[in-house]
Amino acid sequence: MDTRVPPVPMDPATAVMFRLDGQDPDEMEALFARVLSYTHYALPDPPVSVDARLFGLLPHHSVDGFSRLPDVLLRNIVSRLPVKEGARTAVLSRRWRGVWRSAPLVLVDSHILPAAAATAAARGDARRITSAVSRILAAHPGPFRCVHLTSSHMEEFHGLLTRWLRILANKGIQELVLVNRPWPLDLVLPSTFLGMTTLTRLYPGLWKFPDTAGIPSATCLPNLLELGLCSLIMESKDLDFILDRSPVLETLYIHEIAVVDAPRLERLILTGCWSRGGVCTKVKIGYAPKLHSLGYLDSGSHDLEFGNTVIKAGTKVSPSTMVPSVRVLALEVRCGVRNDVKMIPTVLRCFPNVETLHIMSGKTGQPSGKHNLKFWNESGTIECISSRINLLVFHDFRGDRSELAFLKFFFESALVLKHVVIVLANAWFTSMEDMHSKVNPLRSMKRASAGSKIMVTGCSDAEDGGMGNFKRAPGSSIGDPFVNF
């Protein structure tokens, strides 16, 4: 089911907060509709499907095999059903009566009224969903394995939300996705969630982060492994607060804004970035000695700052601007755009120990300059390309000259390269013959690493693929979080 939020008019406060002089109101409404959709794309999928069902016996079957299963298996089965289907198993027989209440709960509010969640739900539908959520939270004793609340009108039920969060904290919530729908964006997220000591995964979206100044210093999220911040209004001190109090945090996903200073941080994933009125998102990496995976960095949409140095094309790289811990790096590049391409050599020199490089080839539109092999050769030696990178994944390959020039330079410079994966932008090619004509030059290119292998694979429509559609599987503590081919 498509869980993207449909266009909803902004409330006056949000419109004033984000209105820019000279911007067309209709364009701004369309922009924020896209923000809502991008936010939902960035959220992890729930562990159950809305279409899952548990069917009874067929008429000619007289043996109830399910009821003979051990309790642990019955609870496992029920926990994989939508919440309504799981609760209904209590009427199957006396054997099933207590199974739902003893199984770790998975609650996805968009599964309660799927048709309403897929559209701009009317107030009546929102109230029905909210009422059902309240009954379920009260009826189930916990623990709560996973709760996704994305379809209630949070402004209208803000006091109730605080009570919900208190219940979740008391009943052992493990994974929580909490999205403010539909407006206003400056609605303050209740600070109750900071007391959820059992949380392992947290994704708040479209909120104003609570002011942490008055929160007790002993507050801690001792089990939080994964944190996703999706379109939040927050100050850097509040981000520092939650990072400082998440001692085992391994993965941080930030949607639209990034400020990092975390000694235990291993992965920093940026998705669906957008800029307002030409203002770029700042990505600052300070003290992050364990940072292993980073991306997607976009030189066109991000102002990059490593250490205390703002990175520009031609910036002289020094130890203070290097991030030596990063082994997996993902970049978005519009190979036909001069300013994008000029940044790449400098950015790569800041990551001398990268072993896996992902390049997302962005749509160029009208090219702003020719970037042939001469341009790349004049950029000089890039340490990570010449002596470190053994895997290159090139996403959304279209076969234009600028892409081929970069790949030719890379192949001729990469001495330890073992594997190259070319992921095609399928919708870009008019026929199989057209695709082969663009791919064949890659196979004939000279390679400094004679034993390297090239694999060409397809992907979904480039319009919908890539970063905006980035999803994580549960427990995504994998070596390369950008593998999606």
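This is a predicted model: local features need pLDDT of at least 70, side-chain atom pairs count only at pLDDT 80 or more; totals for chains, interfaces and linings use all residues.

Q: Let's start with β1. Which of its residues are buried, and on which side?
A: Strand β1 covers residues 105-108, and both of its faces are covered. Leu 105 and Leu 107 are buried on one side, Val 106 and Val 108 on the other.

Q: Which strand does β1 bridge to, parallel or antiparallel?
A: β1 runs parallel to β2 (residues 144-149), and 4 bridges join them. In that pairing, Val 108 stands opposite His 148.

Q: Switching topic: how many cavities of 30 Å³ or more are there?
A: The count comes to 5. The largest has a volume of about 60 Å³, and its lining includes Leu 105 and Val 106 as well as Trp 100.

Q: What's the lining of the largest cavity like by class?
A: There are 8 nonpolar residues, 1 polar and no charged.

Q: Last one: is Thr 219 buried or exposed?
A: Thr 219 counts as buried because its relative accessibility is 16%, under the 20% cut-off. Thr 219 lies in the loop between β4 and β5.

Q: What does Thr 219 touch?
A: Leaving aside residues up to four places away in sequence, Thr 219 touches Leu 194, Phe 241 and Arg 245. A polar atom of the Thr 219 side chain also lies 2.8 Å from the backbone oxygen of Pro 216.

Technical notes:
Residues are numbered from 1 along each chain as its sequence is written. Side-chain values use heavy atoms; hydrogens and water are left out. Helices (H or I, at least four residues) and strands (E, at least two) are DSSP runs, numbered from the N terminus. Buried means under 20% relative accessible area, exposed over 50%, partly exposed in between (1.4 Å probe, protein chains only). A polar contact is a pair of N or O atoms within 3.5 Å; within protein, one must be able to donate a hydrogen and the other to accept it, and residues adjacent in sequence count only if both atoms are side-chain atoms. Contact means heavy atoms within 4.5 Å. Two strands pair if DSSP finds at least two bridges between them. On a 1 Å grid over the protein atoms alone, a cavity is a set of points where a 1.4 Å probe fits but cannot get out, and a pocket is an open set with protein on both sides within 12 Å along at least five of seven lines; lining residues have an atom within 4 Å of a point. Grid points are joined across faces, edges and corners, and a volume is the space filled by probe spheres set on the points. Ala, Val, Leu, Ile, Met, Phe, Trp, Tyr, Cys and Pro count as nonpolar, Asp, Glu, Lys and Arg as charged, and the others, Gly among them, as polar.
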